Amino acid sequence: MTLSRRTLIGTSLGVATSTAAWAATAPSAQAAPAAEPATPPAGEALSVRTPDGLTLSATAYGDPAAPEILFVHGLGQSGLSWHRQVTQLAARFRLVTFDMRGHGASSAPDSPDAYADGARWAADIRAVREAAGLRRPTLVGWSFGALTVGHHLKHHGADDLHGVVLTGPVTKFSPELLQPRGLEIGGRLASADLSVRIQGIRDTLDATFAGPLGRDEHDRMLVINSLPPRALQLGYGLVGNEGVDEAFGEPSRLYVTYGAKDAITRPEMARRVLDLNPDARLSVYPNAGHAPFYDEPARFNRELARFAAAGARPRAGGDSGGEPPVSR
């Protein structure tokens, strides 16, 4: 079967299983999820203007003087995707989340062209960084967000970054790097038939996580995934990969997390980053799907905190960290 980039639309939200051999490379112990506060900490709302005139909705949390982390969510999601990180890490870090173009409360152009250029996604990340006053952040990119981080590296370099974390990354639109059902669902998300699109949204939501969501979480995610316009589904799959592989080779600190139960990308999608960057490290989560940060938040938050704090001045009573243990 011949697959165009448009056929790949929606591939950051699919389903399948990964191999036992891949899971065997992961640490055997799994930490229990940390209890979450009943309400997230108060954040500072930011309205970000992009170079092409869009408005992005962003929120900053924590002490501006603390080590900085900027989160870039995946396709169909929003800045709210990171609430399990915000509730646990805001006391120690300066955290910034935002809704990407076409998502959540951000501007949603009705032309596919507004989503087809990697340079625009890169400029959006840069605009959020500047609006939030981030000096040297750790960039965290999930799924399609990882590809946009790659374009940010391509256009803006890595010299002013503390490091890069890719979680459940989509680093290239290529059929051999994606799980079969992801390709199947992709066409539904771009369908002109609303009933088909609705089914695609439900299927992709069910496919993203390793286990079932609670009722409240499911309902919230279903609403969030219903917000992006069809133009986004038609345009984002056209984002190219030219120069991105070379850009992933630039950061001296690059950390990848991958769920052994990832139903969307094959293990090769994450492992190829190790070939692109000899300094990259890989951490495999045996019980996580396409969203390790959501399926295993306690472990992800612990590893992210150590990575983001490494080399930074320790806070009172804190730990400056050091690199988290990984498998390569």
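This is a predicted model: local features need pLDDT of at least 70, side-chain atom pairs count only at pLDDT 80 or more; totals for chains, interfaces and linings use all residues.

Q: What does the secondary structure of the protein chain come to?
A: Helices (H or I, at least four residues) and strands (E, at least two) are DSSP runs, numbered from the N terminus. The protein chain has 12 helices and 8 strands.

Q: How many of the residues count as buried?
A: Buried means under 20% relative accessible area, exposed means over 50%, and partly exposed lies in between, with a 1.4 Å probe and protein chains only. Of the 328 residues in the protein chain, 57% are buried.

Q: How is the packing of two helices described?
A: The description rests on the angle between the two axes and the distance between them. Axes are lines fitted to C-alpha atoms, for helices over the stretch in contact, and angles run from 0 to 180 degrees between N-to-C directions. Angles under 35 degrees count as roughly parallel, over 145 as roughly antiparallel, 65 to 115 as roughly perpendicular and the rest as oblique. In this model, the axes of helix 3 and helix 4 cross at roughly 85 degrees and come within 8 Å. Helix 3 is therefore roughly perpendicular to helix 4. Contact means heavy atoms within 4.5 Å; the residues that make this contact include Ala-122, Ile-125, Arg-126 and Arg-129 of helix 3 and His-151, His-152 and His-155 of helix 4.

Q: Where is the place of His-152, and is His-152 buried or exposed?
A: His-152 belongs to helix 4 (residues 144-156). With a relative accessible area of 0%, His-152 is buried. Apart from neighbours within four places in sequence, His-152 is in contact with Ala-122, Ile-125, Arg-126, Arg-129, Leu-139 and Gly-157.

Q: At what angle do helix 6 and helix 7 pack?
A: Helix 6 (residues 194-208) packs against helix 7 (residues 215-226) at an angle of about 130 degrees, and their axes are 10 Å apart. Helix 6 is therefore oblique to helix 7. The residues in contact include Ile-201 and Leu-205 of helix 6 and His-218, Met-221 and Leu-222 of helix 7.

Q: How many salt bridges does the count come to?
A: A salt bridge is a side-chain nitrogen of Lys or Arg within 4 Å of a carboxyl oxygen of Asp or Glu. The count by this rule is 13 salt bridges. One of them joins Arg-120 to Asp-52, with the closest N and O atoms 3.6 Å apart. Arg-120 is in helix 3 (residues 118-132) and Asp-52 in the loop between strand 1 (44-49) and strand 2 (55-61), 68 residues apart. Arg-120 is partly exposed at 32% relative accessible area, and Asp-52 is partly exposed at 34%.

Q: Which residue forms a salt bridge with Arg-84?
A: The partner is Glu-217, and the closest N and O atoms are 2.7 Å apart. Glu-217 is in helix 7 and Arg-84 in helix 2 (residues 83-89), so the pair links distant parts of the chain, 133 residues apart. Arg-84 is buried, at 15% relative accessibility.

Notes. Residues are numbered from 1 along each chain as its sequence is written. Side-chain values use heavy atoms; hydrogens and water are left out.
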